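Please keep the model in view while reading.

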Amino acid sequence: MTDKLTRILYVEDEPDIQTVARLALETLGGFTVEICSSGNEALARAPAFDPQLILLDVMMPVMDGPTTLGKLRELPQFAFTPVVFMTAKVQPGEVAGYKDISAVDVIPKPFDPMTLSGQVQAIWDRCHG
Amino acid sequence: MVDPAGLQAKLKAMSDDYAAKLPEKLGQIERAWEQLPEDRWDDEGFETLHRMVHSLTGSGKTFGFALLSDVARNFEEYLKQIMQARAAPDEDQRKHIRIFMSELRQVVMQTKVPNQTELIVAAPRANEVARCNCIFVVEDDPDFAELLKVQLSYFGYEVGVFGDLPEFRRAMQFRPDVVVLMDVTFPGSKLGGIEAMKEIQRERNVPVPVIFLAAHDEFPMRLEAVRAGGIAYLSKPINIGNLIDHIDTLTSTLPPVPYRILIVDNSEALTSYYAAVLEQAGMAVRTVNNPLDVMAPLLEFMPDLILADVYMPGCNGMELAKVIRQLDAFVSIPIVFLSAEDDLDKQLFAMGLGADDFLTKPIQPQHLVSSVLSRVRRSLKLRSFMVRDSLTGLLNHTAIKDQLDREVAQAKRRGTPLSFAMVDIDHFKQVNDTYGHPVGDRVIKSLSRLLKQRLREMDMVGRYGGEEFAVIMSNTDGATAVKVLDAIREDFSQLRHLADGKEFAATFSCGVADVSCFCDATKLCDAADKALYRAKHAGRNQVMQMDAPAVSGANFV
């Protein structure tokens, strides 16, 4: 059997979304969640936290999600870590674009706090099915 | 485990908090807008404005404010268009932005703290969450199992293969959402597959969809299979096309494209209320407050139904219906009047002018939803007989050409890419002559299914003629279209078709044209046709793209 998903890194600049996502993923999903407010913070803190899966907001100031993903991938530790984009842009073409740059999936925003952890778990299961 | 009441309470507290901060956020957006210079393009300032609006789009509904997300999304779309031009917005655009601002302000002011039921209503429907795309094949013949796996994967399914029953039973404990293809007979047990499924079904509230594959076609076996929840019973050798048909019907839980409703009513408060009610029921809604502005949204949004007020300044509902009915594309659209009018004579008169029905205000939200739904469904069903090809269910020749006209116009207006492709099965006449027309039809169906499954939902596929298909790919440039269609071509050539116990393969050729090189629908169509012709002449089984025509004046060089 594959590893159970426990450690999730969530990179998101909106404080409101951070809180509700933490509630959804920790309380409801039982995951351990580390939240970073920017791409740079994620790059600094990810190695020590060693997440099994990374949720990345697409639109962030300074360093956007795709750029952050590129930089994470340069670290050997995260060369293959599943990364999921969170975005309010859900044009199917864009989704394909995100997958082209090695994201495993896209969760559309606004997400539903009640089902977020289920969506994340399903993506994890699919990656390790 | 988690205490649901406690969780709801926490969520509610977060919603309250979010709602409390909204006016401040709106203020920031308004300030960002006011600070933008009128006379020049300010990249950074506009970016900031866009990001702040974007963040409302992405968060509102999460906290139970669906309308906020929607209004912000429209606003954001508009800002994106301006950003593409990178020019300071002109007076007209500034006016539009101010309207969006005031809409946003209205929504924020109306934002009551949502109650718990509203939060739950905002949850996606079950079928959107558990989208079943996974198939378990349970088969003790490894070669046959592998063949099924390969063939099914061409149609975009994920396939798990199990050679024995205990292994399958273990896997089923972790997967609630699969379709099972179950061999009936296993070593040592003639009905082993059926027995195993019966056991699994007993533990489930919702039965697992299962298709039995059997070496023998006997009534008692079929009966047992039905008792084990079997949805289909196919005898070997298995016709893959037939199998896929069954699986497609089981897995077509993809959320359908939402019905599009256009509301024309001069009262902004009422339109936003009706819009909210219909949107909660999963419909896409566009609203028009001035009936004189109806044309643009009508053509762009292509509604499935129009909900109109009878009394409006400038143009009353009956006149509106008359005008709309005189447009070819809207001859058959259902138009429903909403009015405080309960005078039967007047209602009948309105119906004579092209209204389909009258709903009397005030109307209960539930009544509004069910009236609208039943009319839209009926009208779409009727329309599908007119625009769909009966063999494949794809758009027919006329419908796909109409669609191309619209898509090309839209692509030009928005400046977005668009590709058009013609697909033609190679040597199809030989297939028909060798194996007969029913087999030929199956090949056509398998290609139509492959195209539908492998292209995006927004792409449009039509059956253009006998063995010819047309594909419209919006937001896609020629190079990408070629890449996508070439992958489909490769997979189609690997499919094995069955005729008289013998297998054969078929291929197709494809021509692609990009709207950036051929700027109207006729030219685009001709170019794709020429590219297809070239692909055929270059040896078939390939995808070719038509280059831009030589620039006129080149002969002077």
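This is a predicted model: local features need pLDDT of at least 70, side-chain atom pairs count only at pLDDT 80 or more; totals for chains, interfaces and linings use all residues.

Local features need pLDDT of at least 70, side-chain atom pairs count only at pLDDT 80 or more, and totals for chains, interfaces and linings use all residues. Residues are numbered from 1 along each chain as its sequence is written, while chains are lettered from A and ligands numbered from 1 in the order in which they are written.

Reader: In what order do the elements of chain A run from the N terminus on?

Author: Chain A holds five helices and five strands. From the N terminus on, their order is β-α-β-α-β-α-β-α-β-α.

Reader: Which element of chain A has the lowest mean pLDDT?

Author: The predictor's confidence in each residue, from 0 to 100, is its pLDDT. Chain A has a mean of 88, and 95% of its residues reach 70 or more. Among its elements, strand β1 (residues 7-11) of chain A has the highest mean, 96, and the lowest, 77, belongs to helix α4 (residues 92-100) of chain A.

Reader: How are α1(A) and α5(A) oriented to each other?

Author: Axes are lines fitted to C-alpha atoms, for helices over the stretch in contact, and angles run from 0 to 180 degrees between N-to-C directions. Helix α1 (residues 15-28) of chain A and helix α5 (residues 116-127) of chain A have axes 8 Å apart, at an angle of about 70 degrees. Angles under 35 degrees count as roughly parallel, over 145 as roughly antiparallel, 65 to 115 as roughly perpendicular and the rest as oblique. The two helices α1(A) and α5(A) are therefore roughly perpendicular.

Reader: Which residues of α5(A) does α1(A) meet?

Author: The contact of α1(A) with α5(A) involves Ala21(A), Ala24(A), Leu25(A) and Leu28(A) on the α1(A) side. Their partners in α5(A) are Leu116(A), Ser117(A) and Val120(A).

Reader: How are α2(B) and α3(B) oriented to each other?

Author: Helix α2 (residues 43-59) of chain B and helix α3 (residues 66-85) of chain B have axes that come within 8 Å and cross at roughly 155 degrees. Residues that meet include Phe46(B) and Leu49(B) in α2(B), and Leu68(B) and Ala72(B) in α3(B). Given the crossing angle, α2(B) and α3(B) are therefore roughly antiparallel.

Reader: How are α8(B) and α9(B) oriented to each other?

Author: Helix α8 (residues 165-172) of chain B and helix α9 (residues 192-202) of chain B pack with their axes 11 Å apart, at an angle of about 25 degrees. The contact is made by Leu165(B), Arg169(B) and Met172(B) of α8(B) and Gly192(B), Ala196(B) and Ile200(B) of α9(B). From their angle, α8(B) and α9(B) are therefore roughly parallel.

Reader: Is Leu404(B) buried or exposed?

Author: Leu404(B) lies in helix α17 (residues 397-414) of chain B. Leaving aside its neighbours within four places in sequence, Leu404(B) is in contact with Phe420(B), Ile472(B), Ala521(B) and Cys525(B). A residue is buried if 20 or more other C-beta atoms, placed from the backbone, lie within 10 Å of its own, exposed if 12 or fewer, and partly exposed in between. Because 23 other C-beta atoms lie within 10 Å, Leu404(B) is buried.

Reader: How many other C-beta atoms lie within 10 Å of Leu373(B)?

Author: Leu373(B) is part of helix α16 (residues 365-387) of chain B. Its C-alpha atom is separated by 9.3 Å from that of Ala281(B), 92 residues apart along the chain. Leu373(B) is partly exposed because the number of other C-beta atoms within 10 Å is 17.

Definitions and conventions
Helices (H or I, at least four residues) and strands (E, at least two) are DSSP runs, numbered from the N terminus. Two residues are in contact if their C-beta atoms, placed from the backbone, lie within 7 Å.
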